[in-house]
Amino acid sequence: MWTMIKLFELFFVFIKVGVFGFGGGYGMISIIQASMLSRQWLTGTEFIRIIGIAEMTPGPIGINVATYVGYKVSGVTGSILATLGVALPSMLILIFISGFLFKNYNHPMMIKIFSYLRPAIIGVIIAALIKLSEKIFFVQGVEFEHFSIFSSIKIISLFTFGVIMFLEFGTKKRIHPVLYIALAAVIGIGGMYINV
Amino acid sequence: MRILWELFSTFFKIGIVTFGGGLAMIPLIEEEIVERKAWVEQEDILNIFAVAQTIPGAIAINTATMVGYKLKGKRGAVAATFGVVLPSFIIILLIATFTHNIDAYPVVGAAFEGISGGVVALISLAVIKMIIRIDKTIKTFFIIFVSSMSILLFDLNPIVVIMIFIFFGIVDYIVTHKNMKEDVDND
């Protein structure tokens, strides 16, 4: 009986994450963290480890965290419920919105709005990319309120970046992104053995 | 039916190799959905990214849902969504069940250090492609500049930025619409 109640609660916690998790993975993570710690389903250190693993494994980070947390709390059933809970709300909202959107896709007002949104979203992606590179290429040192001192550069990450840019622009071959990712993994592991 | 299966399997493949969350999916979507399969055009995919960012939930999944919907309605949306979610679900479940300390293996950390640099490169390439393909007007570059700087310098939430530009779009529509009407009246 109690496990049933716990499973229900787990499912609804993740529905809540799915409904209120704006801005992708990191928006969801803070809600998951607060919900788990307040219910004492996980400790803070356990949660930080889960985020680390979620970042390293493929797939959207919000979903990875949900699946892992669900498993930790209530096994395989828990992981299924958590994943569904987090994925269903946005799917239903989007099916509803898409119906409206694609029906009025050629309305002059839609065309106007999207003529602003397309460059705006490129700007949003550029901003996210710059923030991401900062995180990936530098090891954060001491964190202050608004800035942190970079204590070192991650040479392997930077080198991999350079290699891929060179292959793309220096050669005429068309290389699939997946091959680039595989190559990046090989470079990373190689770097470990020659101890950069 | 065939197209549903194709949607599912294509997004399943994308889901397997999306290291680093939603942003990392952009280059793969460009490659598979826009260039190879030609399911949606470059313009459409930017529109879809914009909506996906505004709706709650993981951006990668939202994008999949919308591409699926555009191709095959509700059933397409469900097929694409499950396709993109399933790989990470299976992988995390395997990790959680069989290894309790995958993050303790040095090889995993080392591979990830390479992959994360590679992901930044791939996203950069995707952004370059987007800029090459978008209509090159002063207005476009001005909007790109303003939206990126408002996030980087003023820490504005991306959703707020998107809302502001939706508002500008509506205002622009109303103004041009009114002018057109006046022109007709003057004639």
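Guide: Buried area is the accessible area (1.4 Å probe) that two parts lose on being put together, summed over both. The model is predicted, so local features need pLDDT of at least 70 and side-chain atom pairs pLDDT 80 or more, while totals for chains, interfaces and linings use all residues. Residues are numbered from 1 along each chain, chains are lettered from A, and side-chain values use heavy atoms, without hydrogens or water.

Visitor: Which residues of chain B lose the most area to chain A?

Guide: Contact (heavy atoms within 4.5 Å) involves 86 residues of chain A and 100 residues of chain B. Between the two chains about 8,400 Å² is buried, with carbon and sulfur atoms giving 80%. On the chain B side, 7% of what is buried comes from three residues together, those that lose the most area: Pro56(B), Ile92(B) and Tyr173(B).

Visitor: Which side chain meets that of Arg174(A) in a salt bridge?

Guide: A salt bridge pairs a side-chain nitrogen of Lys or Arg with a carboxyl oxygen of Asp or Glu within 4 Å. The search over all chains finds 14 of them, and five cross the interface of chain B and chain A. For Arg174(A), the N to O distance is 2.8 Å and the partner is Glu35(B).

Visitor: How many nonpolar, polar and charged residues does the side of chain B that touches chain A have?

Guide: At least two residues of that side come from each of helix 1 (2-17), helix 2 (22-36), helix 3 (42-54), helix 4 (59-98), helix 5 (106-133), helix 6 (138-152) and helix 7 (158-186) of chain B; helices are DSSP runs of H or I, at least four residues. Ala, Val, Leu, Ile, Met, Phe, Trp, Tyr, Cys and Pro count as nonpolar, Asp, Glu, Lys and Arg as charged, and the others as polar. By class, the counts are 61 nonpolar, 26 polar and 13 charged.

Visitor: How many residues apart are Glu35(B) and Lys129(B)?

Guide: The side chains of Glu35(B) and Lys129(B) also meet in a salt bridge, at 3.8 Å, N to O. Glu35(B) lies in helix 2 of chain B and Lys129(B) in helix 5, so the pair links distant parts of the chain, with a separation of 94 residues.

Visitor: Which element gives the largest share of the lining of the largest cavity?

Guide: One cavity of 30 Å³ or more is found, a cavity being a set of points on a 1 Å grid where a 1.4 Å probe fits but cannot get out. The largest cavity holds about 130 Å³, and its 13 lining residues (an atom within 4 Å of a point) include Glu168(A), Pro177(A), Glu31(B), Leu125(B) and Lys129(B), nearest its centre. Two or more residues each come from helix 7 (177-193) of chain A and from helix 2 and helix 5 of chain B. The largest share is four residues, from helix 5 of chain B.

Notes
On a 1 Å grid over the protein atoms alone, a cavity is a set of points where a 1.4 Å probe fits but cannot get out, and a pocket is an open set with protein on both sides within 12 Å along at least five of seven lines; lining residues have an atom within 4 Å of a point. Grid points are joined across faces, edges and corners, and a volume is the space filled by probe spheres set on the points.
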